[in-house]
Amino acid sequence: TVRGQAKAQTRLMMMFATDRLGNGRVKPAWQPSGQLLAIASTRDDELRIQTFSRLGQMMQSIPLGKGEPVWCQWDCSGTTLALMQEGVGIYLWDNLRTPDMSADAQCGVPLRLCPQITCTTTFCMWSRSHPQLAIGTSAGKVIVFNKKESVMQLHDRKGKHGAPVTCGDWLVDNRIGLASGSRVKISKPLSADGAQWESQCKFKLSGAMSRVPRKFKGAGAPKLLSFSLQHPMYVAVCVGDNYMLVFGTRESTHSKEDLGLTFPEDYGPITGFQWLEDDVVLVALSNGYVTNVDFGAMVRMRQAQGLPECIKATGTTKVFNEYLSCLRYSTASRRIAVCGDNGFKVIRRTKHELEVLIDVSLEYTLTIGNCIDQVQWDHEGKSLCVTATNGFLWAYDIVEIS
């Protein structure tokens, strides 16, 4: 298991347990370049959204009725907080209280966004560059909500999927890729105003002309999708427990840019993956492993030398002894955070090796059916929060030792 002398220090910013957050899943969201951490959780049998300063002071706490939190995210400017509630739909919240506001200042409350439409939401994500919210539904519909114009733009023909939309990702240039059990579609850049979906490329995942090898066609709908960080861009999708498929995204993309990757079953299912700047992808596997995969080099080798379309992963490191539930990479600080077992680690990739900066054990008792489940960086990569499935959250500042 990868270990090392600590090369950074942690400072506990705040810690909350079941008395504050209830005993279910917790969905946190750091405000971009802001002062707040939003936390959605279920307490006393109802969803509650709470906001805290970075000193742990509660700013606001609002109940939203029955229904588990599914997703919580700020828009790119940190102005609007969006929350998805299971079976209910999407809430938007503007004008939140901040530590520097006067006690009598008027603040906003969460408002439901088109409940007759968003109650069927299966995926949603804010654009990285504009106040636009991409929404995929259980009927395969694709909607872009333009916050600036307060317009819901339904892309019913060119953007529609034939099955529920399960995952997606925005590029910095405002293209969006969405996946369902039937296909992956990638748009051309969407304009900030009056966006209309025009497909740049699309790949079938089922039926005739499917790009998924036959032995994986019954693996189900993709559960993760992410774009690489440099040009030409690749898109990776996770299909089933231990298969990843990578496509080129150029309009004239050739099947020789397709590459499939399998992982040994004893490493456990894929729990997440993150692209690095050099077309390397880090893949987290549930039995405690992290794999480095240089997809850029593999695609070049396949084009030149004819590698098979599906190969086995190499370059694997044991990071936790028992389980690994989440991996997150900060492009701002180039740090990697992983959580599992009874804590979290912050690591850094130097050349082809993983170097430990921090190894933190949390005061948390594992119980049947519960675990530490996710870690999330703030937008500067200087702070992170860790959550558990039964109502715990820890937030830390990370400072490297000079």
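**Close-up 1: Asn 174 in a loop.** Asn 174 sits in the loop between strand 14 (165-170) and strand 15 (176-180); strands (E, at least two residues) are DSSP runs, numbered from the N terminus. This is a predicted model, where local features need pLDDT of at least 70, side-chain atom pairs count only at pLDDT 80 or more, and totals for chains, interfaces and linings use all residues. Residues are numbered from 1 along each chain as its sequence is written, and side-chain values use heavy atoms, with hydrogens and water left out. Asn 174 isn't a glycine, yet its phi is positive, near 75°. With a relative accessible area of 1%, Asn 174 is buried (buried means under 20%, exposed over 50%, partly exposed in between, using a 1.4 Å probe and protein chains only).

**Close-up 2: Ser 150 in another loop.** Look between strand 12 (142-146) and strand 13 (151-154) for the loop that holds Ser 150. Here too is a non-glycine with a positive phi, about 55°. Ser 150 counts as exposed, because its relative accessibility is 58%.

**Close-up 3: Ser 53 and its contacts.** You'll find Ser 53 in strand 4 (residues 46-53). Ser 53 is buried, at a relative accessible area of 4%. Leaving out residues up to four places away in sequence, Ser 53 touches Met 14, Gln 35, Leu 36, Met 59 and Pro 99; a contact means heavy atoms within 4.5 Å.

**Close-up 4: Cysteines without a disulfide.** Searching the whole structure turns up zero disulfides (pairs of cysteine sulfur atoms within 2.5 Å). Cys 339 is in none, and the nearest cysteine sulfur, from Cys 326, is 4.9 Å away. Cys 339 counts as buried at 0% relative accessibility, and Cys 201 is buried at 6%.

Note on methods:
Helix = DSSP H or I, 4+ residues; strand = E, 2+ residues; numbered from the N terminus.
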